[in-house]
Amino acid sequence: MNSIWELETFYRKRDIIIVGAGFTGLWTAVSIKEKYPEKSVLIIERNAIPLGASSRNAGFACFGSLTEVIADSQKMGWEKTRQLVEMRLEGLKKIQSYFKNEEIDFELTGGYEILNNDELLQKMDEVNQKLSDITGINTTYSLVQDKIQQFGLGKSEFLIENPLEGSLHSGKLLQKLLEKCQELKVEFLFGTEVKNILETPDKIGVQLSDTLSVDANQLIYCTNAFSSNFLEKEEIIPARGQILLTEPIENLKLRGTFHYDEGFYYFRNLENRVLLGGGRNQDFKTEETTAFETTAFLQNHLENFLREIILPGQDFKIAHRWSGIMAMGSEKTPIVKQLSERQFCAVRLSGMGVALAPKIGEIVAEMV
């Protein structure tokens, strides 16, 4: 049984409860407290630290490779694709406006994409024209063949550059967001799992155990791939991204963030190490999971990719392996909506949470 002191402080009723302390939950809390400083906001996170995709990603500050943008336009149409690119780009700008580059290791090193046929190159001028008013430059994507050798890449026919993309340290960004939340007097319950939700006409009850619950006026789900328990009617497909990181490599040529095969492979330099992730298109069904594991099949596949594409003819050793869980759907538009009188959600960020979350937080703040 809890004490009266606990019940009247840590477990007292709040104006808004956010479930999930990843990028979406933290940016949503910041946006709400900046718009409504008088509202009390509590974030409930079942893990000891933010997890899911936010602290387990590759640290890309990107808004879409050429082939990804083309694929999205063919699936969703240009209007939705342009809106998505604009939201991602504005999100990256917002991150830079809140935090100094050195605080989050933000580097505008350029984003690159490897292509091995010229079919989609024929559409590059059209894509540049469609995005020019969003990116502010006439040539968002350009061919940079000389950099293939400069970066030491193998089995790469064409290399596309996007000068507006870069990389950052996801852990440091999460820490700065937590500091911002504390500055704004957002409260937290870490290591606390939500067991059940009960909405009545006058409140939301968030059950934490058989004998303990905390009430709120409104509740926002920011649980991304881990939302199926709460949002059974929404199309949310978990997608595990496996990653490996090499030991330091002497005279590493690679610099920047890179995509390959419509973004199914992604790699970058982390100082003088190579970080590589992806390949889930080799085993889609197995990777539709919320289990934080790596598989021998995909890790071996990624090591072969390292040997053939990124570090041909070079020796390397693997220092770390891990996985993160993204949320996908039939299209890449996030699900941000009101679910009932008192419940809202901001989920399914399709592997673009770093860039999308700052703007999604603003949208949710307008809704509540």
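User: Before we look around, what does "partly exposed" mean here, and which class does Glu-187 fall into?
Analyst: Happy to start there! A residue is buried under 20% relative accessible area, exposed over 50%, and partly exposed in between. This is a predicted model, and in it Glu-187 has 25% relative accessibility.

User: Which residue forms a salt bridge with Glu-187?
Analyst: Start from strand β8 (residues 187-190), where Glu-187 sits. Its partner is in the loop between α1 and β1, 175 residues apart from it in the chain. The closest N and O atoms of the pair are 2.7 Å apart, and the partner is partly exposed, with a relative accessible area of 28%. That partner is Arg-12.

User: How many salt bridges does a search of the whole structure find?
Analyst: The Glu-187 and Arg-12 pair is a salt bridge, and the side chains of Glu-331 and Lys-80 meet in one as well, at 3.1 Å from N to O. Glu-331 is in the loop between β16 and β17 (335-338), while Lys-80 is in helix α4 (residues 78-98), 251 residues apart. Searching the whole structure gives a total of 26.

User: Lys-172 and Asp-105 also meet in a salt bridge; how many residues apart in sequence are the parts this pair ties together?
Analyst: The N to O distance for this pair is 3.1 Å. Lys-172 belongs to helix α8 (residues 170-183), and Asp-105 to the loop between α5 (101-104) and β4 (111-115). The pair therefore ties together parts whose separation in sequence is 67 residues.

User: Let's turn to the strands. Is β11 mostly covered or mostly open, and how many of its nine residues are buried?
Analyst: A residue counts as buried under 20% relative accessible area. Applied to strand β11 (residues 213-221), that cut-off shows a strand that is mostly covered. The number of its nine residues that are buried is seven.

User: Which residue in β18 stands opposite Tyr-221?
Analyst: Tyr-221 is in β11, where it is also the bridge partner of Val-19. On the β18 side, the residue opposite Tyr-221 is Cys-345.

User: In the open sheet of eight strands, which strands stand at the edges?
Analyst: The order is β5-β6-β4-β13-β14-β15-β12-β16, with mixed pairing. The two edge strands each have a single partner strand, so one side of each is left without a neighbour in the sheet. They are β5 (142-143) and β16 (318-328).

User: Which residues form a nonpolar patch on the surface?
Analyst: One member is in helix α1 (residues 4-7) and, at 36% relative accessibility, counts as partly exposed. Together the patch has about 350 Å² of accessible area. Its residues are Ile-4, Trp-5 and Leu-7.

Technical notes:
Residues numbered from 1 in each chain as written. Predicted model: local features only at pLDDT ≥ 70, side-chain atom pairs only at ≥ 80, totals over all residues. Heavy atoms only, no water. Patch = residues over 30% accessible without salt bridge, like charges linked within 9 Å, V, L, I, M, F, W, Y side chains within 5 Å. Areas by Shrake-Rupley, 256 points an atom, 1.4 Å probe, with all protein chains shown as cover. Salt bridge = Lys/Arg side-chain N within 4 Å of Asp/Glu carboxyl O. Helix = DSSP H or I, 4+ residues; strand = E, 2+ residues; numbered from the N terminus. Buried < 20%, exposed > 50% of the residue type's maximum accessible area, 1.4 Å probe, protein only. Pairing = 2+ DSSP bridges.
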